Amino acid sequence: MIERLRNLRDEDLHVALVLVLTLGTGAVDAVSYFSLDHVFTANMSGNMALLGIGIANGLGTVTGNIYAFGGFVVGSILVGRFMHDHKGPFLRTALEALIVQLAIFVALAGVLGAVDIADHSGWRYGVCFVLAAAMGIQTGVARHMSVKDVNTTVATMTLHDLAAASRLAGGDSVRWKRRAGVVVALLAGAAIGIGLDNTVSWGGLAFTCLTTVGVIAAVIAVQRREPTID
């Protein structure tokens, strides 16, 4: 009974952490879409659709998307290697990966504040690549948390499950709160991110830095209370 309660508590913690990361994801994609020439750096489904359009209309129109695709793959490979090589408690490994991601976010926010990337394609493509790599790292952390119905970058299946499993569809509405939380977090994150980005060029990414800091702080607090938590 105690073990079941602990597993429930751990799952709830993971849900909360992933939802906060999802909030930051919404801000990242809103900023990248509007500030980086219609590039998605987190949602690779949308990015690949844009790449397909570019293949038909000319790859010169989707150069940033190509860099983002490559960056996401590189980030995913790196975090996959990192996760496989670290054998300690999962949250400790996730913490180290998120600290790396945070460092990338802070550096990119500085670049956005110092450089007008709209007039410098080299900087813009570099930001696309590195920001997508950071989101690849986050996706790897979220995947290893294995939270059912919660994905930090794509809400399509989550939205489908929310509707298909609802009482209106004859379902049991199991886990509807976390499913709805994903949709709301992405919407809210995008709205906040673009609102801040319209105020200052680095505002949206700074908000994502804050969400990542919040998750890191929560993980550190849990580790201090229960060093053996996994």
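Reader: How many aromatic pairs does the structure hold?
Author: Happy to start there, with a note that this is a predicted model, where local features need pLDDT of at least 70, side-chain atom pairs count only at pLDDT 80 or more, and totals for chains, interfaces and linings use all residues. Residues are numbered from 1 along each chain as its sequence is written, and side-chain values use heavy atoms, without hydrogens and water. Rings of Phe, Tyr and Trp (its six-membered ring) pair if their centres lie within 6.5 Å, and planes under 30 degrees apart count as stacked, over 60 as edge-to-face and the rest as tilted. On that basis the number of aromatic pairs is 3.

Reader: What is the angle between the planes of Tyr 33 and Phe 34?
Author: Good one to look at! The two rings lie 5.4 Å centre to centre. Their pair is edge-to-face, with an angle of 85°.

Reader: Is Phe 34 buried or exposed?
Author: Buried means under 20% relative accessible area, exposed over 50%, and partly exposed in between (1.4 Å probe, protein chains only). Tyr 33, at 26%, counts as partly exposed. Phe 34 has 59% relative accessibility, so Phe 34 counts as exposed.

Reader: Which residue has its charged end over the ring of Tyr 125?
Author: A charge sits over a ring if NZ of Lys or CZ of Arg is within 6 Å of the ring centre and within 35 degrees of the ring normal. Here the charged end lies 5.4 Å from the centre of the Tyr 125 ring, and the residue is Arg 124.
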